[in-house]
Structures are given as structure tokens and as C-alpha cells.
Amino acid sequence: MNGQVLLFVCLCALDAVLGQASYSIPEEMTRGSLVGNIAQDLGLEIRRLIAGKAKIYSRNNEEYVELSREKGVLVVKERIDREELCAHTALCALHFEIVLENPMEFYSVIVQITDINDNVPSFEKNEMEFKISESATIGAKFVLERAVDFDVGNNGIDNYELKPTDHFALKLQNNADGNKNVEMVLQKPLDREREEQMSLVLTAVDGGEPRMSGTMLIHITVLDVNDNAPIFTQTTYKAAVTENSPTGTIVATVTASDADGEFNSKISYSITNTLDNVRKIFTINKESGQVSLIGNIDFEKSRHFQINLLASDDGGLTDSCKLIVDVQDVNDNKPQINIMSKSNVISEDAEINTVVTMINIQDIDSGENGNVNCFVNENMPFILKTSKNNFYTLVTDSELDRERSSEYNITVMCSDEGVPSLSSSVTLTLHISDVNDNAPVFERSSYEASIVENNTPGLSIFTVKARDADWNQNARLSYMLEDSSVNGVPVSSYVSVSADSGVIHAVRSFDYEHLKEFHFRVRAQDGGSPPLSSNVSVRILIQDQNDNAPQVLYPVQTGGSVLAEMVPRSADVGYLVTKVVAVDVDSGQNAWLSYKVHKATDRALFEVGLHNGEIRTVRQVTDKDAVKQRLSVLVEDNGQPSRSATVIVNVAVADSFPEVLSEFTDFSMHDKEYNDKLTFYLVLALAVVSFLFITCLLLIISVKVYRWRQSRVLYHSNLPVIPYYPPRYSDTLGTGTLQHVYNYEVCRTTDSRKSDFKLDGAASHNVLVMDPSSTGTMQKIHSERNILDEPDSPLEVSLK
């Protein structure tokens, strides 16, 4: 680096500025040249620069310096021309901030640009002409054009030289603004007759290394006798003009007088500024001396102008003055809102005063026109906090709730204090990320459902439903059974719940006669971390089904002996012979029993009570009535469809026991013969069924072997296999080949949630048999192997 590096780091007591660094570099440095080790100078580590996404923020959006995060240094990004960047300002510096995130910090950096001698002094005109009267007195002054050197300091114009010096000498006069007025002073009388034309060379030399120079040729024409120069009424004029004034606006009028008369007293006015752009903005009427605008005037670019004016007569005599023009500011610039750093997403559990966005506000107007006030739209959980240097931070002001509002459009409005006030705004979109802060809520406080007994295992009973106000994974619900038991058996042996849908399935077939209702709890749990859950109580009611036939308790049916009721021949009408007593284990109307005579030896002799089962005589018993009377009483329930049972009641119409005994001995033998015939037919039927079963089994095996051999032949011949199924054949995985097969499989939980089920085994069938030793009563043989409490065994459920 050619220039000297100056560095200081100071900790400031500002809300956001943590330090400041200053450097000095010469202009025209090549790209990539080192400016300074910012990480070392600010006491920052390289990983902090990388993790904090360190970047440079420049207010004017022109970046001549860039930051290398990996090395922690500042390097030159673009060619820096001090004259282009700062024009005539002696001190030229770049101001920018280095911003870091997580947490948000920024540091102020000032890079001073020093001048090098890269510009040659030059004159606006290559030649300058003067008409000077020969009567000009010794000491007469002639203002010369100043040279322009865009360099500053020692590299600017250091001196002027005038050659030859026979008649004129050079006089330099320092102005308050640091510039020099160049005047040519007559030091020897002119003689037009001896020398009418003169040529001089004015040289401007700067003070840089190496020294550079520029020249201008001066042509002098000696005139005859004009011995009075014009004189301005004031050496300094002052005026004020409002910025953005239209072209043609008169700024001021200057006046000069000449004591000469007639032709020699005619004065011409002109502007002699050459260094700046005064001639592009102002013009002067040569005759009247009115200074007016010809260009746009902007307070933010130049707050005042110094116009150098020249009054000259036709004799070549001149006088000079200056016009100081002050520019008055108007409110013509809106506040500029610059987003330095912002977050697009913020968690709903963010703490109060969490920084969302850092904003820098600029208004290049001055005074009240540049005072800016910012605010955000109302009813928002955010506020703007201000700090010095027009920095604002948007922070949370209250707790956030994504379920109430998942997105905010925050409008930052900034307005100045000018009249009329100007304003600008920017809208920031902020998304609120979800936190698992809401537990699932069931649609009901409790559930109640019913299911008819003898259901199919795996049957869907009903569905529980919960909702979670959270979003995405936090709202993804799983349902499960809570551990409980029903009559000492885990509730998972009775029902299961689908983890995804909440559908309650019956695991077993329910029997109303053993279980009328039961309770359990279902828990809904979300997928958040940590997960939240809630539970609900479920009541299952078992509805009765007419699946039990009436059972006759009296009279008792025995296989080895015959019981008879005795009715004396003297019995009157309505005599109570006996009473048939029966029960039905079903409930409700399924257990309402009715009695009626199905068969009777003499229907006109006896009747049975429809609801009480009492057998009474209908008429008077006579001697013609047979001693042996046999009644078949049908007991029927009120279910749909109804079930029934029959009972044989033997009645002996006699007055003495010996008479009854002789008659019923033959009757017993007749029953025995009847039972023997019935047994024969049952054995025959069993043999026929066994034969048909064995035949079907052999047929199935033959078909299987045939298909296997065909598949082997097709496999070796590479021909396509076309399966053949015999008519009315159903492949039931070994469960049989009957056309109607009733196979039920048990639903059992496989994991700790007790919410899924698998299929275990097939169910058995009910068998209705006739007790060969009975007198006609139908008995239902119900066998059920309940192994739900044995987790590794298959379940057999009797079909009713």
C-alpha cells in the first residue's frame, strides 16, 4: 500500500454501533489491493464474520470496497478516482457499515481517499486577448483566467509564471476559499507606436511529484487612451435563490461604472468561473448585469455558489467582483427506507423485543425537511425502536400466536416534517412458524356407541375424531387406547383403534348375556416435540340379539323314565294339571315367552296358558277319555326371528297309580323303539356326510396334483400358464371347498399403541344337535374357546 494506514477502534455507547475503524488509501489503487485487516482491527474472529454473514452496507449503493469474509480483510473492489468521487472537496472519504447477523451488529468504517498527482493543470481557453490603452497607468491590473487542476492540496496549482516580463508582472492574490486570483499588472508604460501587439505565455505549475504544468497564450492589443477602468459598486454581492427555481429566474443584478465618456465608458459583464459548473447554471446579461438561471439548482448538491464577475470597457480596462448565492432548501425529497437486514420467518414462541428487521432512514433535505418520523400500522404485535444515525429496529412487542395469525404484512411508514410533508413506506411480509403449543381436542367430551352382539370380529363400530390447532407435523394426530381392563381382561382384547383415522374396531364377537357394556379411554397424540395429547371416555353398549332359544325348566325331560301328571276323572273344568316353566337368557322382548299346545292326544281336553304356561282342563273329564294323554307344548319367544322349544307332557287320566303304571309301561317301550329308529337315522346321515366329505377331499387333492404337474410341464416347456378352476371351486387357503364358507379372523393389536390388528385364525361353526335320549326338546350346543387372554393362540368364535 502506497498510503499510510490510520486505524482506531472505539466502542460507542449506541444501541447498534459496536465500533468504528478508519483507514487511509491513495486513489487509483488496483482492484484487489488491501485496504485493511478489518477482523483484526475490530477484534472479530473469522468464523464470526462467516457465521454472521458479514456484508457491507453503503448508503449511496456504490461499493468501491468489498469484504473478504474468509480472510477478514477489506480490499479494493472498483477503481477509485478521488476527483470523480469527491470533486473539489479537500477531504474525501468513503463511509459504510459492516453488518453482521445472529445477533445483529454493525460497525462503522471510514476509508479516506488521498490524492495523487494524476491531473495536469489546464486552462479553459488556449488563448486570451486584451485590448489595453497605451495610456494605462503603471500598476494597472488585468485579471487573467485561472487554470484548473482537479487535484487537491500539494498536487493542486502551486504557482503561476508569466513570460516575458518586459511590461507586465504577475500578481497572485489568495482568496478566502483557497483559490488564487491571477492578475497581470502593468509595470512599464505602453507605447502603441512602438509595439502595438504583444504575446505573453502564462504557465500554471502544480506542487505534486512529478510537477506538471499547463500554458495559455495571451494576446495584447495596445489601444489609444482609455485611462479609466470600470468600477463595481460592491466588491461582494450576496443573493438567495430557492432550489428547483425555474429557468430564467433573476438571481441578482450587479452594476459597474466607468468615468470615461461615450465609447470608452461602455461596459460589458461576464462570468469568469472556470473550476466548477457555475456557467452551466448561471448566466449574466452582458449589458444589464442581470444574473439569471439557465440550469437546475439543487440544494442537496450545492448549498451555495460563488460567481466571479468581470466588468470590462472597450478600452480593455476591467474590474472584478464576486456574487455569493445561497440556495434555500425546499422539501422535495422523500425519506428513503433502506432494509439493512430482515428475517422472513419468526417462531411464534419468540420472546418480546426479538429483532425482526433493521432499517436505515435517509432524507437528504435539511432542517425540518430532513427530520423523519417512522411508525408501523396499528394492531400489530411489533414496534419500531429508534437509535442514533437514523437507525430503526423492528422488534416484537407482544406474544405471537400462529393459530391466530400465521402471517403479518407490516407496513413501515416514514414521513418528514416539511410543509407539505413527504412520506414513503415499505411493506414487510413476516411468516410465523409453528410451535407445538396446542393439545388435540376431541369433537365431543365423551362418546357412546352401540353394537349388536354376535358381531363379526374386525367390525367398525364408530369413529372418534380430534382436532389440533397447530400445523403440519404438530397437527398430525395418532390415536391409541389407554391401558385399562374389562372384567380383568385388557381392553385391547375387546376393541382396537386405527392410529390414523380413529376408527374403533371390535376385536372379538360380543355376547350380550356375558357383557352388556364396558368403558375405555382413547388418547389422541400429536406429532410435535415434545408431543401433546388428550383423552376421551368411550362407552360401548352391547345390544341384545335373539340368539338363545327358550329353555324348559319344568317338566324335566329324562331319557330313562317317563314322568306323567295325574288327573282324576272327577276333575272339573279349569283343573290345573301342571305348569310348564321355561326361561330365555335373552333380554327385552327377546325373552318374552308364550305357550301353546303344539300336539295333543285330545286337543279338546286340555289347554295351556298363553303367558303363564299353566295346563288346565277345558271340559269335564269323562270315562271315555283315554288314560294316556300326551301333550306337546311349544314355548316360543318374541324375538325376530323367534326361537322356540318344545316339551312333552304326559298326562294320566286315572284315579289310582296302578292303573297308570300298567298303561305307561307300554308307552315307555314305544318311546324306546322311537329313539332307536331316530338313532339309526342319525348314524346313517353321519355316514353319508362323511362319505361326501372324503370324496370332496380326494377331489381337491387330485385337482391340486393335476395343477402342480401341469405347472411343471409348462415350466419346462416355457409356455404361458393358464390357471384352471373347477366349477364352484373356491381357493380358501385350506379352509374347504364348500360354496359358502364362513371364515372369521381375529383382530389383535401388534404394538404398544393397541391401534392396529392382524388376522390370526378361522372361527368354528355352531352345531345344533338333537339329544337322542330326550323326548323332543331342542338343545343348543354352544362351544366357545375364548383365548383372547392368550396372546399366542388362535381364537374360535361360535356363530350364532
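These are my notebook entries on a few places I looked up in this structure.

**Entry 1: the model**
I noted at the start that this is a predicted model. I kept that in mind for each entry below.

**Entry 2: Asn-454**
I began with a loop. Asn-454 sits between strand E33 (446-452) and strand E34 (460-463). Is Asn-454 buried or exposed? I found a relative accessible area of 19%. The cut-off for buried is under 20%, so Asn-454 counts as buried.
Next I looked for side-chain partners. The side chain of Asn-454 makes a polar contact of 2.7 Å with that of Gln-545. A polar contact of 3.0 Å links the side chains of Asn-454 and Asp-547.

**Entry 3: the sheet with E34**
I then checked one pairing. E34 and strand E40 (residues 503-506) run antiparallel and are joined by three bridges. Phe-462 has Ile-504 in E40 as its bridge partner.
A reminder to myself: strands of a sheet pair through backbone hydrogen bonds, either parallel or antiparallel.

**Entry 4: strand E12**
I moved to strand E12 (residues 180-186). How many of its seven residues are buried? I noted five, so E12 is mostly covered.
I looked up two partners of E12. Strand E9 (residues 141-143) pairs with E12 in the antiparallel sense, over three bridges. Here Phe-142 stands opposite Met-184 of E12. Strand E11 (residues 168-174) also runs antiparallel to E12, and seven bridges join these two strands. In that pairing, Lys-171 has Glu-183 in E12 as its bridge partner.
One more reminder: in a regular strand the side chains alternate between the two faces of the sheet.

**Entry 5: two cis peptide bonds**
I turned to the backbone. Where did I find cis bonds? Ser-529 and Pro-530 are joined by a cis peptide bond, with omega about 0 degrees. Pro-530 belongs to the loop between strand E41 (517-526) and strand E42 (533-543).
The bond from Tyr-554 to Pro-555 is cis too, with omega near 0 degrees. I placed Pro-555 in the loop between strand E43 (551-554) and strand E44 (564-567).

**Entry 6: two asparagines with positive phi**
I checked phi next. Asn-244 is not a glycine, yet its phi is positive, near 65 degrees. Asn-244 lies in the loop between strand E16 (236-242) and strand E17 (250-253). Asn-244 has 39% relative accessibility, so I logged Asn-244 as partly exposed.
What is the phi of Asn-472? I read a positive value of about 60 degrees, although Asn-472 is not a glycine. The loop between strand E35 (466-467) and strand E36 (477-481) holds Asn-472. Its relative accessible area is 45%, so Asn-472 is partly exposed.

**Entry 7: a nonpolar patch**
I ended on the surface. Which residues form the nonpolar patch? I listed Phe-680, Tyr-681, Leu-684, Val-688, Phe-691 and Leu-692. Together they have about 670 Å² of accessible area.
Leu-692 is in helix H5 (residues 657-717).

Key. Residues numbered from 1 in each chain as written. Predicted model: local features only at pLDDT ≥ 70, side-chain atom pairs only at ≥ 80, totals over all residues. Heavy atoms only, no water. Helix = DSSP H or I, 4+ residues; strand = E, 2+ residues; numbered from the N terminus. Buried < 20%, exposed > 50% of the residue type's maximum accessible area, 1.4 Å probe, protein only. Polar contact = N/O pair within 3.5 Å; in protein donor to acceptor, adjacent residues only side chain to side chain. Patch = residues over 30% accessible without salt bridge, like charges linked within 9 Å, V, L, I, M, F, W, Y side chains within 5 Å. Areas by Shrake-Rupley, 256 points an atom, 1.4 Å probe, with all protein chains shown as cover. Salt bridge = Lys/Arg side-chain N within 4 Å of Asp/Glu carboxyl O. Pairing = 2+ DSSP bridges.
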